[in-house]
Amino acid sequence: MTPKPPGRAADGPLLSVRGVDVGYRTGRRTRLTAVHDVSFDLYPGQSMALVGESGCGKTTLGLGLLRLLPRTGTVSAGQVLFRRKRGDEVDVRTLAEEDLRRFRWNEAAMVFQGAMNAFNPVLRVEEHFLDTFRAHEHTRRPRAELLEESAELLEMVRLDPARVLPSHPHELSGGMRQRALIALALALRPQLLILDEPTTALDVLTQRSVVEQLTELRERLSFSMVFITHDLGLAAELADRVGTMYAGRLIETGTTRDLFHRARHPYTSALIGSVPPVVGDLHVPEPLPGGPPGIDELPPGCPFAPRCPRVTEECTATRPELRVLHPRDEGLSHAAACLHADGAELSTRGGHP
Ligand SMILES: Nc1ncnc2c1ncn2[C@@H]1O[C@H](COP(=O)(O)OP(=O)(O)OP(=O)(O)O)[C@@H](O)[C@H]1O
Ligand SMILES: [Mg+2]
């Protein structure tokens with residue numbers, strides 16, 4: 001039997017998110033539901049981009065999946081099922097503290113939004129690597145061996161270990177720091193890497209090199225990836241599939257091709273349409289009128305209805321569920337939460353790619 005290429009799972013999803021709500025305590029008696037009823041499956045080797053306007057809940061969802069929320073935040077409903085390296089499935093929500101510590105880094109790791117400041121400024125880069133190995137490995141390996149492995153990781157992201165390992169974070173450029181953080185996140189060979197806006201703070205050329213290295217690393221180590229981005233070009237390039245979020249909900253998912261060429265939710269189509277084209281005729285991008293609703297002040301029907309060019313009376317009364325339009329295996333179905341999703345395809349004029 002020929003082995004399955006990465007991304008073709010032999011036995012089910014790596015991550016299965018089922019009906020997840022994430023909320024923040026905002027006062028003694030008040031809570032904000034920032035993410036509501038999100039479900040998706042991610043198969044081994046797949047990469048999924050989460051896109052959507054600022055404040056729609058992308059970071060909250062990413063943090064919730066690894067239970068990295070601030071103290072006021074909790075995953076208040078649903079399941080986050082994860083298939084560990086040894087083959088058993090766990091619900092991340094129910095992991096005990098010690099198990100959770102091992103789960104993070106060994107099974108899944110996160111590169112945070114604004115990661116430039118994620119390094120401790122008083123520690124050299126090598127100490128970050130040593131601490132990470134020592135805190136999460138069962139066996140205590142000699143320092144020289146750990147440093148050698150750290151050097152290999154840095155070489156994978158094209159950094160010179162002799163220069164970077166002894167440096168303090170402030171001695172590195174932003175791009176170098178970002179790459180070092182990605183290398184550090186991969187130190188224990190996690191199966192899942194969550195990256196929150198991995199390239200936002202970088203100049204265009206540095207962004208390119210980070211993207212190229214992520215692509216190479218994925219080919220080499222075949223981890224799955226969820227990455228959160230405002231940059232649809234990046235999503236088109238790095239993702240097998242895309243999930244659009246709006247007001248805390250996942251409102252469309254599908255392959256990258258589905259979303260960029262056959263968007264079924266008017267919000268996805270507007271998001272793509274607002275990106276100026278790289279080739280072809282220049283036109284003025286069409287901005288979306290209005291802003292997203294406050295997550296806890298949603299209108300009774302579709303949350304997008306007040307801004308939607310396709311709105312009908314029904315939309316203001318009925319909240320649409322995420323509904324499968326084209327079923328496919330391995331979590332690649334095209335689904336949209338729009339009452340009119342079966343109608344004519346939407347224009348993504350001027351959009352990437
Ligand atoms: N610690 C917190 N306490 C209370 N509310 C929060 C907290 N963090 C985020 N929120 C709220 O949760 C919602 C989702 O925020 P989140 O940061 O997840 O959005 P995002 O999609 O990542 O936005 P951006 O693209 O700007 O990073 C917002 O309404 C935000 O104000
Ligand atoms: Mg965010």
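An N or O atom in the side chain of H230 sits 3.1 Å from an oxygen atom of ligand 1, a polar contact (a pair of N or O atoms within 3.5 Å). Overall, the protein covers 68% of the 630 Å² of accessible area that ligand 1 has on its own, with areas from the Shrake-Rupley method and a 1.4 Å probe. This is a predicted model, in which local features need pLDDT of at least 70 and side-chain atom pairs count only at pLDDT 80 or more. Residues are numbered from 1 along each chain, and side-chain values use heavy atoms, without hydrogens and water.

T59 brings a polar side-chain atom to 2.7 Å from an oxygen atom of ligand 1. For G57, a backbone N or O atom lies 3.1 Å from a ligand 1 oxygen.

## The shell

Around ligand 1 there are 15 residues, and the closest are S54, G55, K58, T59 and T60; a shell residue has a heavy atom within 4 Å of the ligand. Helix α1 (58-65) gives the largest share, three residues, while β2 (31-42) supplies at least two. Helices (H or I, at least four residues) and strands (E, at least two) are DSSP runs.

## Helix α4

Now to a helix worth a look: α4 covers residues 143-156, and its 14 residues reach 20 Å from first C-alpha to last. Its buried residues (under 20% relative accessible area, 1.4 Å probe, protein chains only) include L146, L147, L153 and L154. The buried residues of α4 pack against α3, α5, α6 and α7, with contact meaning heavy atoms within 4.5 Å. After α4 comes R158, with a positive phi near 60 degrees.

Conventions. Chains are lettered from A and ligands numbered from 1 in the order in which they are written. A polar contact is a pair of N or O atoms within 3.5 Å; within protein, one must be able to donate a hydrogen and the other to accept it, and residues adjacent in sequence count only if both atoms are side-chain atoms. The expected span of a helix is 1.5 Å times one less than its number of residues. Buried means under 20% relative accessible area, exposed over 50%, partly exposed in between (1.4 Å probe, protein chains only).
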